[in-house]
Amino acid sequence: MCTRFYVEPDTEEIREIIAEVQRSQLSNKFIKDGNAILTSGEIRPTNVVPVIAPSRNGMKAAFPMKWGFQIPGRSLVVNARTETAAEKPTFKESWEKRRCIIPASWYYEWEHLIGNTGQKKVGNKYMIQPRGASMTWLAGLYRLEDGLPVFAVLTKEPTDELRQIHDRMPVILPRELIAEWVNPHSNPKELIKKSLTDLVIEKAL
């Protein structure tokens, strides 16, 4: 996790975020670079989507960002582990200064199963979101690559219920912690302790 999430455009919260992204000067830069900005549907790594991050004055704002850190000699890095992000060179600076929130309606996860021969295989696809919520606020890290922002989704140990599907889950924060999370002066470890764990898990059609 996490390699897919879904954005439903017909909520007031996401419409406001999309409108702010469309006003951003970064939107034109991404478009000129050949990247469409996706504001709804199933989102995959390398897609450019609306993301909440600090503005120059440290306040939360919405910007377009591409999903995935490019690491020379390695495949695209789309997730970062909370347990090691503060120490790994790839994520250390972002952990300290560049934190973001990726708005989603829900995220997808596929069952990771072990067959009779001991080989790993993929099972059913599930859609997951916080109970009683229409939005799923995924915690992430970002940095600049060639002058454009890219992000990775933070993951942690799963709940007991989710562990039956996958051995990781994304960090999902409550809406009221968004501004604090993107504030470069806040303590990410303390905020992660307040992440949401009461989730609705439904089999995707």
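I'll start with helix 2, where Leu26, Ser27 and Phe30 are buried. Buried means under 20% relative accessible area, exposed means over 50%, and partly exposed is in between, with a 1.4 Å probe and protein chains only. These three residues sit on the same side of helix 2, because they cover an arc of only 105° around the axis. The arc is that of the directions from the helix axis to the C-beta atoms. On the other side of helix 2, Gln25, Ile31 and Lys32 are exposed.

Before going on, a note on the source. This is a predicted model, in which local features need pLDDT of at least 70 and side-chain atom pairs count only at pLDDT 80 or more, while totals for chains, interfaces and linings use all residues. Residues are numbered from 1 along each chain as its sequence is written, and side-chain values use heavy atoms, with hydrogens and water left out. As for the elements, helices (H or I, at least four residues) and strands (E, at least two) are DSSP runs, numbered from the N terminus.

Back to helix 2. What do its buried residues pack against? They pack against helix 1 (12-23), strand 3 (48-54), strand 4 and strand 10 (148-156). The N-terminal end of helix 2 is capped by Ser24, with a side-chain oxygen 3.1 Å from the backbone nitrogen of Leu26. After helix 2 comes Gly34, whose phi is positive, near 90°.

Next is Asn35, in the loop between helix 2 (25-32) and strand 2 (41-43). Is Asn35 buried or exposed? Asn35 is buried, with a relative accessible area of 13%. Leaving out residues up to four places away in sequence, Asn35 touches Phe30, Val48 and Lys66; contact means heavy atoms within 4.5 Å. With Lys66 there is also a side-chain polar contact of 3.2 Å. A polar contact is a pair of N or O atoms within 3.5 Å; within protein, one must be able to donate a hydrogen and the other to accept it, and residues adjacent in sequence count only if both atoms are side-chain atoms.

Now the rings. A search of the whole structure finds 6 aromatic pairs. One of them is Phe5 with Trp67, a tilted pair, 5.2 Å centre to centre with 40° between the planes. Phe5 is in strand 1 (residues 5-7) and Trp67 is in strand 4 (residues 60-67), so the pair links parts of the chain 62 residues apart. For the cut-offs, rings of Phe, Tyr and Trp (its six-membered ring) pair if their centres lie within 6.5 Å; planes under 30 degrees apart count as stacked, over 60 as edge-to-face and the rest as tilted. Phe5 is buried at 0% relative accessible area, and Trp67 is buried at 0% as well. Phe5, Trp67 and Phe151 form one aromatic cluster.

Last, charges over rings. Arg99 lies over the face of Trp181, at 5.6 Å from the ring centre, and Lys125 lies over the face of Tyr108, at 4.1 Å. Such a charge counts if NZ of Lys or CZ of Arg is within 6 Å of the ring centre and within 35 degrees of the ring normal.
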